Each structure stands twice: as C-alpha cells, then as structure tokens.
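Dear colleague,

I am passing on the structure below, and after it I set out what was found. Please read it with the structure open beside you.

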Amino acid sequence: MQKEKSAIVCGAGGFIGHHLVVKLKGEGYRTIGIDLKQPEFVPTAADEFIIGDLRDFHLVKDVFAKKSDEVYQLAADMGGAAYLFTGEHDADVMRNSAQINLNVAEVIKNLPTKIFFSSSACIYPRYNQQDPQNPKCSEVSAYPADPDSEYGWEKLFSERLYLSYLRNYGLDVRIARFHNVFGPEGTWRGGREKSPAAICRKVAEAKDGGEIEVWGNGKQTRSYLYISECVEGVRRLMKSDFSGPVNIGSEEMVSIDELANMVIEISGKRLIIKHVPGPIGVMGRNSDNGLVRGKLNWEPKQELRIGLEQTYKWIRKQVEQISIDDRKQRVSVTEVEPNYLHAHTS
Ligand code: NAD
C-alpha cells in the first residue's frame, strides 16, 4: 500500500494557503496548517490546524518536528496597495516576514523535506515597469534590483536566503513569483484587499447609475491569476525538479479601467468610473511565462473574465450579507430603545 503523503502549510489561514490546503487534501495529503488565525470565511480543510506565530523560532521547531514530506511557506505580513505602498507598514512588513523565513529556512535545513516559498512579482525593478504597455518581468530581469516596495525587497531577500540554503545545505526548495492572485474567499475589505476584490466590492456596493472610485488615472496595467490556477502551478512546480524562481501568473494584461469595466459589465449595472489619487505601485506589470512554459510545460490559460465572474458573485454575496446583518442590528437597537429610555425616565 502507498504511504499517505503529508504537508505542512504555513499561512494556511490566509487566502492562498487555505485554497492550497483544499487542493492538497483533494490529492490525498494529510495536511497540517499553521497561522496566526483560522481562515476567515470557511472552516479549514486541514487535518490539524495550529494557531501560532512563525516568528517564534521554538514554535517553528515544534511544528516542523511533526514529520512531513513537504512544507509550503506562504505566511507573510501582506496586503494590497493600501497596505504595502503607503510606507506606513514598511518596518513591520520587513521584520515580520523576514523573521518567519529566517526561522523556517534554519529549522528545515536538516530535515529531508521539500519546501515551497511564495515570492512575488513585486520583486521586479521599478525601472522596467514605467511604461504601462510594455512592462518587463522576465525572471532574469530581477537584477540589478530595484523593487518599488519594502515588501518586494523582503521577498527578494528571502528568495536569496532559500537559494543560499540550497547551495550550502542542499535545501530542496521551489520558489514561485506570484502575480496578483484573486478569487473567492479572499480578503475583500478592511484595507488589505487587492485591486480585483476592491473593485468587485465597490461595484457591488454602488447603486445602479452611480459611480465607483478607482485609484490613479486608470491606465496602469496588471495581470491577474485566478486562485485555482495559482495552486495548480504551485503543485506542478513542487513535482518538478526546477528550483526557480519562476513566475506563476497570467499573461492577460489589462488596465485598471479595463478591469473595472469588466466587473461593471458582469454586474449589469450602469456605473461611472471616477479617478482619485491613491497608492498605485508601478505603472505596468505583466507575467512573462517563457520560463514556466519551458520548465513545466504548462502555464495559466483561463480568461480573466471567468475568474472575475466567480469572484464578483462571491463578493456581492458578502456585501448583501453585511447589509442584512446591519439592518437586523438597526432593528434590534430601535426595539431596545424605548425600554432604555423608560428605565431612565421612571
Ligand atoms: P494572506 O495575507 O491572505 O495570507 C498570509 C497568511 O500569513 C495570513 O493568514 C497571516 O495571518 C499569516 N501570517 C502572517 N504572519 C504570520 C506569523 N507571524 N505567523 C503565522 N502566520 C502568519 O496572503 P495571500 O494572498 O494568501 O498570500 C500568500 C503568500 O503569497 C504570501 O507570502 C504573499 O506574499 C504571496 N503572494 C501573494 C500574492 C497575491 O496576489 N495574493 C501575490 C504575490 C505573492
């Protein structure tokens, strides 16, 4: 009988980590999730879920003492443009994420475990991403380095950290640079959400005939990767003998206005886009899939619109649920008020 494979997923309470656990379970893995928090929207599929802080070296040692064939390191102090590009969280982002990766690399170096590390398209140099229609994000273009955020610098440092453990200790590592992953059950409000979720929320909240705000002039470009294709890419990279770093992203580049118009069309509403100042990051970014095609004989192919339809549907449901909850709360307050007043006037 074949032995059951096992995996530890660091960051299993987060968006991609949660979906990865589901994917691994579907492939028959026994999974242990670890995170500061449980997944926000649905219960975890992990066989075991540890609430813990990976900045704590001893905790990492204890968790990794549980035997596993593979470790997926996705935990990071992370968010969308409003969290990463204002500069307000730079010190936390650098310290928290670097500390996690320093601990993980050091503990895993003596274990016979394969490790996956999630890097980001944010490592690519600013100087290659000024022209919205012609960004350059091939893997080799990462140097000379000039990421436009401390988040990107930390990812670049940690890529190099894991690669140095590969050279000096033979660490069996796989590194992917994700490009804007989106989908249902991801953060959609609160300041850490990314552009597809923020736009879906704004459209879902807007009244027909109204307007939505979009940061910048709307001409900045990006590509967006649907969550199921992201976790498929992770698994394919893990099964390959290529360490990376390699892009896992879509090559379907759109402007932010095009993204917003697609969501508006999906919603069936008539809305106007209003451009307002806000943190926007680089002017252009797109995945370059030459290397992933060559190494994995695979690349993400799903049209952006299909993923957006799923995501909009899910976010609209969240928005509706919140307004139902708000209404219920308002009703219960007005019900309570007369008694409250009575108690004080008698
Ligand atoms: P996420 O914020 O939803 O998930 C990250 C998880 O890490 C969170 O649940 C958080 O609680 C956990 N975490 C943070 N600090 C921790 C600590 N000290 N101890 C334990 N857990 C801790 O983010 P995500 O979108 O799921 O991203 C997963 C990974 O992929 C991250 O490393 C991120 O940098 C990378 N990435 C994501 C994208 C994207 O578009 N979502 C793009 C590029 C790279």
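In which helix is V63 found? V63 lies in helix 2 (residues 57-65), where helices are DSSP runs of H or I with at least four residues and strands are runs of E with at least two, both numbered from the N terminus.

Please note that this is a predicted model, in which local features need pLDDT of at least 70 and side-chain atom pairs count only at pLDDT 80 or more, while totals for chains, interfaces and linings use all residues. Residues are numbered from 1 along each chain as its sequence is written, and side-chain values use heavy atoms, with hydrogens and water left out.

V63 is buried, with a relative accessible area of 3% (buried means under 20%, exposed over 50% and partly exposed in between, with a 1.4 Å probe and protein chains only). Leaving aside neighbours within four places in sequence, V63 is in contact (heavy atoms within 4.5 Å) with I8, I34 and I50.

I8 belongs to strand 1, where S6, I8 and C10 point one way and A7 and V9 the other, and all are buried. In a regular strand the side chains alternate between the two faces of the sheet. Strand 1 (residues 6-10) runs parallel to strand 2 (residues 30-35), and five bridges join them (two strands pair if DSSP finds at least two bridges between them). In this pairing, C10 stands opposite I34 of strand 2.

Elsewhere, S195, P196, I199, C200 and V203 in helix 6 meet I256, L259, A260, V263, I264 and S267 in helix 8.
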